[in-house]
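Hi,

Here is the structure I promised to pass on. Have a look at it first, and then read on for what turned up.

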Amino acid sequence: MRTNPGGGLAPEEVVGRDALIAELWDKLERHGVMMTAERRMGKTSVLRKMLAQQPPGVTAFYWDLENIRSPETLVREIFNKVSEDLGNSQKWQGKVQQLLKNWGLGGEKIAGVSLPKPDLTWQQHLQGMVQDLSAQVADRERWLFLFDELPLAIDNIRQDQGASSAMEVLDTLRMIRQDYPQIRMVYTGSIGLHHVVAELRKQGYRNAPTNDLPPVEVEPLAEYDAWKLAQDLLMGEKVATADLSAVSQSIASAVDGNAFYIHHCVARLKGMAQSIDVPQVEAMLKAAVRQYDVWDLGYFEKRIGSYYGENAKLALLALDELAPESALTFGDWWNRVSIQIPDLDKEAFRSTLNLLEQDHYICRNDAGAYRFRFSLVQRYWHQQRGN
Ligand SMILES: Nc1ncnc2c1ncn2[C@@H]1O[C@H](COP(=O)(O)OP(=O)(O)O)[C@@H](O)[C@H]1O
Ligand SMILES: [Mg+2]
């Protein structure tokens with residue numbers, strides 16, 4: 001296998017994830033899910049693998065919504081994808097074709113700014129089509145709408161069209177799930193939806209738009225899969241190693257089993273002339289984290305500026321204090337931070353830690369003390385901000 005950090009993978013290049021995918025199919029028999037994880041953890045790759053392995057009775061549609069900036073374009077994308085996939089499908093020929101035609105979906109993509117029926121709102125378009133199509137879906141069949149980068153789309157809509165449009169999109173999708181149980185949705189994306197909803201709350205939003213979508217966390221790869229990926233990449237890139245298994249193991253564990261960084265490590269080792277051993281992996285990592293924004297790690301710092309509002313300074317300082325430590329208790333951490341910020345409110349500190357936990361910066365160890373969630377992020381943070 002060749003290195004391809006950040007590239008779109010073919011389903012057969014997605015290593016592991018079988019247990020997670022089985023769990024997702026199982027849950028999706030009963031309800032939709034919110035797939036959460038840090039950026040680059042492998043959410044999209046999981047969806048690609050799922051698309052290639054749809055169980056009988058499931059029809060799945062996938063959208064990458066990152067460029068959506070209005071409810072109308074969202075509905076247009078949904079219409080286009082459904083009509084394209086069903087148009088190509090043997091199973092859905094016939095009655096469904098007629099139905100799509102009734103919606104102005106004759107095979108050509110709806111382009112431009114308007115929707116096919118100018119007298120209907122985007123909500124009426126969406127609800128109308130879902131109603132007509134779901135009448136064709138047998139009781140025990142499921143349609144799966146996989147919405148990748150949905151939080152980003154909602155945030156774009158808020159910025160361009162106003163908060164009430166963004167709220168209406170969340171509420172309309174929620175209503176569709178409620179009214180049409182054959183339709184299941186998966187929401188995922190790299191900005192947590194909690195940040196987007198928090199912004200809407202400031203504008204008076206009171207609804208719970210995802211309380212029917214229990215979260216499923218995408219963790220780093222399982223130990224064996226991370227090792228296997230490192231090994232396959234080292235072999236695929238013809239990197240000479242002193243001990244293939246030990247070098248693969250050291251890469252996998254240094255990056256906490258995160259596939260994206262495994263790809264990056266091997267890509268970097270590939271450029272080195274000599275045969276690689278374990279100390280050279282360590283030396284390569286040390287050199288890498290000295291580089292600003294290497295492997296997009298600067299994102300962890302930038303995101304705080306964009307999403308933590310008035311608590312951004314507090315969050316940065318708190319992580320600076322944690323970076324050289326293996327773990328800190330709440331009390332010790334509070335003492336170190338509060339001494340540097342006069343009049344710091346303990347509740348503001350507590351809620352910032354909760355947010356940092358939700359955003360995968362930190363987690364708690366068995367004794368309840370806080371530590372960095374990912375050692376590579378900690379290493380980078382300490383190196384870049386340690387002075
Ligand atoms: N299961 C996997 N097997 C191999 N490589 C993976 C896997 N998951 C992620 N990757 C690597 O990490 C990159 C980012 O994965 P992606 O699924 O796009 O993450 P996300 O959608 O969470 O941001 C991919 O381009 C690929 O290089
Ligand atoms: Mg993705």
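The C-alpha centres of domain 2 and domain 3 lie 29 Å apart. Those two belong to an assignment that gives domain 1 (17-217), domain 2 (223-289) and domain 3 (296-385), with bounds taken from an automatic or database domain assignment. Where they touch, 6 residues of domain 2 meet 6 residues of domain 3; contact here is C-beta atoms, placed from the backbone, within 7 Å. On the domain 2 side, that splits into 4 nonpolar, 1 polar and 1 charged. (Nonpolar is Ala, Val, Leu, Ile, Met, Phe, Trp, Tyr, Cys and Pro; charged is Asp, Glu, Lys and Arg; the others, Gly among them, are polar.)

Before you go further, a word on the source: this is a predicted model, where local features need pLDDT of at least 70 and side-chain atom pairs count only at pLDDT 80 or more, while totals for chains, interfaces and linings use all residues. Residues are numbered from 1 along each chain as its sequence is written, and chains are lettered from A and ligands numbered from 1 in the order in which they are written.

Now the ligand. Ligand 1 has 22 residues around it, and the closest are Gly42, Thr44, Ser45, Ala259 and Phe260; to count, a residue's C-beta atom, placed from the backbone, must lie within 6 Å. Helix H2 (43-52) and helix H11 (259-270) are the elements giving two or more residues to this shell. (Helices are DSSP runs of H or I, at least four residues, numbered from the N terminus.) By class the shell has 9 nonpolar, 9 polar and 4 charged residues, and domain 1 and domain 2 each supply at least three.

Two helix pairs are worth a look as well. The axes of H10 (residues 244-254) and H12 (residues 278-289) come within 9 Å and cross at roughly 30°. (Axes are lines fitted to C-alpha atoms over the stretch in contact, with angles from 0 to 180 degrees between N-to-C directions.) That makes H10 roughly parallel to H12, a label for angles under 35 degrees. Their contact uses Ala246, Val247, Ser250, Ile251 and Ala254 of H10 with Val278, Val281 and Leu285 of H12, giving 7 nonpolar, 1 polar and no charged residues.

In the other pair, H14 (residues 312-322) and H15 (residues 330-338), the axes come within 10 Å and cross at roughly 120°. Leu317, Ala318, Glu321 and Leu322 of H14 meet Trp333, Arg336 and Val337 of H15. That contact has 5 nonpolar, no polar and 2 charged residues.

Cheers

Technical notes: Parallel < 35°, antiparallel > 145°, perpendicular 65-115°, else oblique. Contact = placed C-beta atoms within 7 Å.
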